[in-house]
Number of protein chains: 2
Amino acid sequence: MEYSGSAGRLLESAGAEIGDIVEVQNGDERRSGILMPHHDFSGPDMLTLKLANGYNIGVRVSGETKVRAVSKKEPRGRSKPVLPRDPAKKDVAVISTGGTIASYVDYRTGAVHPAISAEELVFSVPELTDLCNVRAKVLYSILSENMKVTHWQGLAREVANELNSGAVGVIIPHGTDTMGFTSAALSFMLTNLTGPVICVGSQRSSDRPSSDAIMNLLAATRLCVESDYAEVAVLMHGESSDSYCLAHRGTKVRKMHSSRRDAFRSINLEPVAKVEGPNISFLTSYNRRSAGPVGLRDKIDGNASMLHFYPGFVSEHFDLIAQKVKGIVVAGTGLGHVSEEIVGSIGRAVADGVHVFITTQCLHGTVNLNVYSTGRDMISAGAVPLEDMLPETAYVKLMWAMGQTDDPKELRKLMLTNIAGEFSQRRAV
Amino acid sequence: MEYSGSAGRLLESAGAEIGDIVEVQNGDERRSGILMPHHDFSGPDMLTLKLANGYNIGVRVSGETKVRAVSKKEPRGRSKPVLPRDPAKKDVAVISTGGTIASYVDYRTGAVHPAISAEELVFSVPELTDLCNVRAKVLYSILSENMKVTHWQGLAREVANELNSGAVGVIIPHGTDTMGFTSAALSFMLTNLTGPVICVGSQRSSDRPSSDAIMNLLAATRLCVESDYAEVAVLMHGESSDSYCLAHRGTKVRKMHSSRRDAFRSINLEPVAKVEGPNISFLTSYNRRSAGPVGLRDKIDGNASMLHFYPGFVSEHFDLIAQKVKGIVVAGTGLGHVSEEIVGSIGRAVADGVHVFITTQCLHGTVNLNVYSTGRDMISAGAVPLEDMLPETAYVKLMWAMGQTDDPKELRKLMLTNIAGEFSQRRAV
């Protein structure tokens with residue numbers, strides 16, 4: 001954003017533009033740094049400078065302030081960076097969807113732009129090309145909270161195409177907010193994988209010294225190039241520090257912190273793999289590469305809802321939603337319970353042909369509707385418990401399963417079949 | 001449940017009843033144990049015996065099986081146990097609400113009954129009366145998934161009464177499913193506490209050797225009698241083993257596992273206290289006993305809803321609910337985000353006078369709507385972010401705050417004021 005007001009006038013008279021190195025003098029105090037774009041939340045008398053240490057500061061200007069353009073920014077190249085293919089290296093596809101990680105960093109201004117071309121995206125992490133030939137593509141450029149079923153489908157088709165045309169793995173830069181939903185959707189849609197399909201995000205934008213983007217992308221690349229792993233996964237930092245990365249099974253992973261770099265956690269299962277520098281170690285059993293080709297089952301019926309039960313949940317509200325959808329995943333309390341009023345709602349919904357499946361909002365542990373009378377009443381009402389499947393995974397799977405079959409018995413069978421590791425191997429059957 | 005079929009006929013001819021010690025002989029194999037009630041999920045030819053080691057086994061009967069009643073069960077005493085008051089000991093109130101922990105165990109049959117009298121409840125843990133005089137009362141006898149706002153209110157009134165009439169603390173045996181909601185509600189309703197108010201549950205029914213009920217009740221009693229602690233808390237096992245218990249602040253605790261004994265976890269805060277045998281250690285700062293009297297702010301307006309955002313959330317469904325309620329807590333993704341369609345729904349709801357507050361479904365970490373454009377749009381639409389408050393706590397607090405004031409500005413101020421530790425002291429303001 002351009003500067004206006006007093007700050008804007010000062011810059012104009014100094015001939016200074018965003019991206020230039022400027023010196024700002026207030027009395028005896030002088031600060032030098034790259035002039036950053038104006039911040040929405042700053043006043044019109046504030047300049048933002050990026051200091052040499054990488055951090056931004058705000059400097060207030062007044063009638064006495066002097067601004068000097070120390071050096072002009074370097075013109076940004078218009079020509080696309082060239083990425084020659086090295087026949088000695090394997091091909092890895094990078095299909096970008098958006099989010100913090102897929103931002104192009106203008107190192108001169110420090111500003112974060114959405115990735116505007118495939119080559120620029122890869123160019124921002126030149127170390128990738130030491131490990132492999134990168135086939136980069138920007139499929140979407142959206143914040144992940146705006147991901148929809150159709151995005152998942154388009155992404156699955158691209159992934160299958162890339163793997164079936166020789167890529168040894170696919171890396172999907174993705175916003176972290178809904179990355180676990182996307183990884184679950186891909187897990188159900190793709191079969192017979194010939195290589196890993198790794199959703200990668202970052203919790204710190206790349207213009208910060210603490211960014212986790214590069215380490216996560218490199219670790220994902222190593223899994224693609226140097227292992228026999230062939231599952232859909234989420235790969236992020238394993239600790240808050242830059243010590244190692246963890247790959248989590250796509251159906252067993254959830255964002256469990258709003259901002260930490262190790263926000264993603266495997267639930268009811270160990271992470272699948274640890275990548276520490278060049279070393280890959282597997283922590284669970286995993287699927288190995290198939291001979292191909294990769295299969296695609298991308299029909300999804302999005303007419304479903306996920307409802308979290310809580311004390312005071314009004315059964316009329318449940319009924320309102322149930323009348324609008326074909327399937328509901330309930331995240332019940334404890335072993336999967338709901339109140340007796342909501343048991344009634346479940347019974348009415350099932351009688352109307354709505355598919356109702358039960359998970360637990362505890363997230364950890366297994367649903368069991370055989371222990372208490374409430375659970376037995378829920379089963380009598382027609383609800384189907386889903387063991388230790390995450391509520392989010394169950395919701396995605398339900399939409400996918402409704403896309404696969406119209407037959408209620410087939411649907412139920414599909415929901416209870418372990419398609420992509422969504423039930424733990426430690427399942428209590 | 002009585003036995004029927006072949007098992008029932010065998011028992012009848014042997015004159016054996018549930019609770020008797022019986023010997024069952026199949027060929028050369030003889031098993032002896034207490035005859036347990038018939039299990040719903042067993043076939044009609046299965047007998048269940050509780051062995052001397054405390055475990056139950058199923059024994060199949062056939063035409064050749066012989067059953068002998070070794071000894072008849074002891075008649076259960078009808079007279080209430082006498083609990084004389086010891087003037088040298090402090091008084092602790094036990095207000096039971098139901099759940100596994102409040103079950104009366106018939107040690108002869110091993111069957112679990114709901115607590116049918118205050119004295120029986122206390123009598124099931126005789127160690128309690130070594131530490132204090134127990135004032136026991138069964139207020140409710142319900143599964144906690146059926147707890148409602150009116151139950152919270154009745155409970156708060158009982159707690160205030162007990163503390164204001166000399167009890168040094170109150171222990172609330174409670175079903176674990178919604179115990180965190182109840183502890184949050186009590187945290188907001190009770191002021192100026194003169195002693196701790198401790199919700200206690202158990203994850204194993206008391207007829208199992210692994211029950212956690214007694215250790216949890218004893219640890220809660222120690223906090224009441226031997227500390228200066230005066231907050232609403234949830235106290236449960238700190239580990240899966242019987243090593244120690246943890247007291248969690250009532251507004252910062254969540255059931256994070258469907259079945260483990262250490263299912264309850266403090267979120268965004270350390271547990272407040274650790275109780276290991278007779279030793280109490282505090283892990284955070286905490287409120288000490290006031291001189292009293294305890295205050296009661298028990299008005300609650302239950303006309304609120306909690307909605308978890310997910311990809312594919314239909315804005316029309318959000319609108320349907322929003323038209324029914326006065327307030328909504330949204331559990332957004334990541335830093336608190338929702339899709340652009342739901343931002344629209346939030347704007348419409350706020351324009352209609354609905355109070356909309358934002359939390360994160362990550363559970364851990366803080367909401368921040370100033371980082372990305374989505375968040376800024378949500379603020380423009382009128383949503384109010386609630387920092388690191390748990391979604392469940394925010395939902396309870398919203399209903400409580402709507403009971404305290406009709407003024408939107410006052411309500412917002414109340415929601416953003418740290419009433420009962422619902423914002424961490426590490427809050428990012």
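## Helix packing and chain contact in a predicted model

The crossing of helices H5(B) and H10(B) is right-handed. In chain B, helix H5 covers residues 179-189 and helix H10 covers residues 391-404, and their axes come within 9 Å and cross at roughly 40°.

On the side of H5(B), the contact is made by B:Gly180, B:Phe181, B:Ala184, B:Ala185, B:Phe188 and B:Met189, while H10(B) contributes B:Glu392, B:Thr393, B:Val396, B:Lys397 and B:Trp400. Sorted by class, the residues in this contact are seven nonpolar, two polar and two charged.

The two chains also touch each other, in a contact that takes 48 residues from chain A and 48 residues from chain B. On the side of chain A that touches chain B, the elements that give two or more residues are strand E20 (304-308), helix H7 (315-322) and helix H10 (391-404) of chain A. This side of chain A has 19 nonpolar, 21 polar and eight charged residues.

Chain A itself is divided into three parts, which are listed in the table with their residue bounds.

| Domain of chain A | Residues |
|---|---|
| Domain 1 | 5-71 |
| Domain 2 | 91-296 |
| Domain 3 | 304-416 |

As for the spacing of these parts, the C-alpha centres of domain 1 of chain A and domain 3 of chain A lie 57 Å apart.

Note on methods: Residues are numbered from 1 along each chain as its sequence is written. Chains are lettered from A and ligands numbered from 1 in the order in which they are written. This is a predicted model: local features need pLDDT of at least 70, side-chain atom pairs count only at pLDDT 80 or more; totals for chains, interfaces and linings use all residues. Two residues are in contact if their C-beta atoms, placed from the backbone, lie within 7 Å. Helices (H or I, at least four residues) and strands (E, at least two) are DSSP runs, numbered from the N terminus. Ala, Val, Leu, Ile, Met, Phe, Trp, Tyr, Cys and Pro count as nonpolar, Asp, Glu, Lys and Arg as charged, and the others, Gly among them, as polar. Domain bounds come from an automatic or database domain assignment. Axes are lines fitted to C-alpha atoms, for helices over the stretch in contact, and angles run from 0 to 180 degrees between N-to-C directions. A crossing is left-handed if the near helix is turned anticlockwise from the far one by less than a right angle, and right-handed if clockwise.
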